[in-house]
Amino acid sequence: MSIAIVTGAGGDIGRAICRSLAQQGHAIFATDINMETADITAGEIVEAGGKAKSVRLDITDPQSVSSAVSSAIAEGPVQVLVNNAGLCHAESLQSSSFEDWKADLDFNLHGSYLCFKAIEQHFIANRSGVVINIASVNGQGVYGHPGYSVAKAGLLHLTRQIAVEYGQYGIRANAVAPGTVKTAGWQARADKNPNVFEEAKRWYPLREVADPEDVAQGVAFLASDKAKAITGICLPIDCGLTAGQAEMAGTFSQSNDYQNLT
Ligand SMILES: NC(=O)c1ccc[n+]([C@@H]2O[C@H](COP(=O)([O-])OP(=O)(O)OC[C@H]3O[C@@H](n4cnc5c(N)ncnc54)[C@H](O)[C@@H]3O)[C@@H](O)[C@H]2O)c1
């Protein structure tokens with residue numbers, strides 16, 4: 001049975017990704033800095049009849065990354081790495097410090113680099129491996145959170161770098177870029193403004209925001225053989241956000257058809 005390593009597996013998106021990869025038959029290495037939530041993820045999968053193990057992995061600590069990935073390889077083969085752990089510190093450049101900037105890059109870019117470097121030789125030796133980086137629409141346009149966005153843009157480039165340099169070994173690398181996803185990560189914003197999700201929906205062509213399962217379905221597809229010819233791409237899971245803005249199209253075209261809500 002091949003192993004899938006997922007970072008940030010105790011979070012809402014990480015947990016949904018672990019569930020969907022377990023349904024595809026992978027044994028799950030559910031890694032997180034928070035063992036309490038990682039245990040819950042692994043426990044849910046085992047209870048549903050799958051195979052899973054919770055392992056502590058702090059993506060900001062090279063030693064921790066290397067020892068967690070080595071323990072997965074020891075039980076190998078590892079077939080899939082999902083770099084999912086991510087978090088933002090700063091809201092704007094004006095309000096942020098160099099420390100915030102560095103923390104955002106460490107957490108959202110360097111951590112994924114470290115995880116890939118820890119699995120690189122195993123994938124090369126096996127002549128196969130799949131990397132899926134959880135990026136964000138923030139890596140493609142400005143929606144606030146500067147350090148996080150720069151890191152996610154870097155993660156998209158890292159994805160292409162792996163695809164091009166390691167394709168010769170049968171290694172594929174792709175990213176998914178979610179827009180707003182209803183998760184606990186939004187709790188602080190929801191506490192400040194209980195209508196935050198309703199307000200966010202306005203900007204999405206589908207007038208909806210994604211669920212963690214929507215992201216997990218995209219990841220499961222990219223991890224599967226159905227995507228064997230796909231590498232180096234970024235799959236938007238953003239309810240149309242990056243396709244364009246209906247409100248703006250209405251202004252530019254002077255047509256009411258873009259916002260015909262009747
Ligand atoms: N929620 C959204 O709206 C949204 C939108 C776009 C992209 N994303 C991306 O999806 C991914 C998951 O987001 P989420 O909303 O589920 O986040 P979350 O905050 O719910 O979960 C993040 C997980 O990472 C873990 N974590 C924290 N510090 C860690 C560390 N040092 N090492 C390892 N793990 C650590 C946390 O314990 C938590 O389980 C992130 O990469 C995020 O940037 C989320």
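**Reading a helix and its neighbour**

User: Where is Cys115 placed?

Analyst: Cys115 sits in helix α4. Keep in mind that this is a predicted model.

User: Is Cys115 buried or exposed?

Analyst: Look at relative accessibility. Under 20% means buried. Cys115 has 1%, so it counts as buried.

User: Which residues does Cys115 touch, leaving out those up to four places away in sequence?

Analyst: Cys115 touches Thr7, Leu57, Ile59, Val65, Leu81 and Asn83. Val65 belongs to helix α3, where it is one of the residues that meet α4.

User: How do α3 and α4 pack?

Analyst: Helix α3 covers residues 62-75, and helix α4 covers residues 98-126. They pack at an angle of about 35°, with axes 9 Å apart. The crossing is right-handed. Pro62, Val65, Ser66, Val69 and Ile73 in α3 meet Leu114, Cys115, Ala118, Ile119 and His122 in α4. The residues of this contact divide into 8 nonpolar, 2 polar and no charged.

User: Why do residues three or four places apart in a helix point the same way?

Analyst: An α-helix has 3.6 residues a turn, so residues at that spacing point the same way. Now take α3. Its buried residues are Ser64, Val65, Ala68, Val69 and Ala72. They cover an arc of only 120° around the axis, which puts them on the same side of α3.

User: Which residues are exposed on the other side of α3?

Analyst: Gln63 and Ala74 are exposed there.

User: What covers the buried residues of α3?

Analyst: The cover includes β1 (3-6), β2 (27-32), β3 (52-56), β4 (78-83) and α4.

Methods: Residues are numbered from 1 along each chain as its sequence is written. This is a predicted model: local features need pLDDT of at least 70, side-chain atom pairs count only at pLDDT 80 or more; totals for chains, interfaces and linings use all residues. Side-chain values use heavy atoms; hydrogens and water are left out. Axes are lines fitted to C-alpha atoms, for helices over the stretch in contact, and angles run from 0 to 180 degrees between N-to-C directions. Helices (H or I, at least four residues) and strands (E, at least two) are DSSP runs, numbered from the N terminus. A crossing is left-handed if the near helix is turned anticlockwise from the far one by less than a right angle, and right-handed if clockwise. Contact means heavy atoms within 4.5 Å. Ala, Val, Leu, Ile, Met, Phe, Trp, Tyr, Cys and Pro count as nonpolar, Asp, Glu, Lys and Arg as charged, and the others, Gly among them, as polar. Buried means under 20% relative accessible area, exposed over 50%, partly exposed in between (1.4 Å probe, protein chains only). The arc is that of the directions from the helix axis to the C-beta atoms.
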